[in-house]
Amino acid sequence: MRSDVLPGRYSVPRVNSRSACARPATNVLQTAGEAPKRKVRAAQWNWVLPADRYKQLSVFERAQYDKAATFLKANDFRGAAAEFEKFKIQFQESATASTLAYMTFMYGYCLYQAKDRNAAVKTFTDVLDYFKTETEDTAASLFFKGLALLDNGDTRKGLECMQLMVDNEDHRYHPLAAGALRRLAENYSKQKQTDLAVKYWKQACADFWQANPEEANEARRAVTSVYFQKGDYPGYEGWLINESNRDNVQHRRWVALQAHEVAMWVFDQNAYGP
């Protein structure tokens, strides 16, 4: 499969999600799909221990974490995994549950990056089983467990993890849940269940246009592609334009740019045939 194309019938090109044309002029995507039941975290996810959690570490814990992080930043995943495992063993009795949950996740994350997926799945499962209240780390563990299973070819179990993530109130607003929504949508698209695919794509747009703009923009392009391949141009406009932004020239220009971006791909004869 080409790396620049989303799987499924409704395929659109991957472009730079940080470009100016990828951002709506208004908060329109919050109105697409289901409205979030609580505020979605604006910060994007990355593996680095947040500053507030880092401050809670002892001097010795920081030293061991820093050593593991240095290996990971150098893409030495095996070395990083070994150091995170050392942290778990060395500070098992003294570290907080929150810290142990994170370090256990990171051990699994490094194993996953090293393509030791079976061991990674086991480690992510440990986080889910033993640190149920540490939702930041259980959410990440559930997502990467799903990825590892999908990468191993176990599509059913992988998608079950993604479904569990988006159905769980403690996990569905985590930035990584945007990726879970997209993978579920792509699977529904492959199964020709377009309405369900659109539902999940729109949810990714609505909930994660700030917290995970790359995934949200992939989802937006996929929905736009569906509208255009059906010839439903009023539906596309109705999705992104409403009373709150109808007179906003900047926003309408953004909507037109998005339409042009996707239309150039949807109507590419080489991609879709006559």
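Which residues lie nearest the centre of the second largest pocket? Select Leu-128, Leu-142, Lys-145, Leu-164 and His-171: these lie nearest its centre, among 15 residues that line the pocket. Before going further, note that this is a predicted model, in which local features need pLDDT of at least 70 and side-chain atom pairs count only at pLDDT 80 or more, while totals for chains, interfaces and linings use all residues. Residues are numbered from 1 along each chain as its sequence is written, and side-chain values use heavy atoms, with hydrogens and water left out.

**Stop one: the pocket**

A pocket here is an open set of points on a 1 Å grid over the protein atoms alone, where a 1.4 Å probe fits, with protein on both sides within 12 Å along at least five of seven lines; lining residues have an atom within 4 Å of a point. The volume of the second largest pocket is about 270 Å³, counted as the space filled by probe spheres set on the points, which are joined across faces, edges and corners.

Now colour helix H5 (117–130), helix H6 (135–151) and helix H7 (155–167), the elements that each give two or more residues to this lining. Helices are DSSP runs (H or I, at least four residues), numbered from the N terminus. H6 supplies the largest share, five residues. By type, the lining has six nonpolar, four polar and five charged residues; Ala, Val, Leu, Ile, Met, Phe, Trp, Tyr, Cys and Pro count as nonpolar, Asp, Glu, Lys and Arg as charged, and the others, Gly among them, as polar.

**Stop two: the rings**

Next, show the aromatic side chains. There are 18 aromatic pairs, where rings of Phe, Tyr and Trp (its six-membered ring) pair if their centres lie within 6.5 Å; planes under 30 degrees apart count as stacked, over 60 as edge-to-face and the rest as tilted.

Select Phe-87 and Phe-91: this pair is tilted, 4.8 Å centre to centre with 50° between the planes. Both residues, Phe-87 and Phe-91, are buried (under 20% relative accessible area, with a 1.4 Å probe and protein chains only).

Move on to Phe-143 and Phe-144, whose planes stand at 85° with centres 5.3 Å apart, so this pair is edge-to-face. Phe-143 is buried at 6% relative accessibility, and Phe-144 is buried with a relative accessible area of 6%.

Definitions and conventions. Buried < 20%, exposed > 50% of the residue type's maximum accessible area, 1.4 Å probe, protein only.
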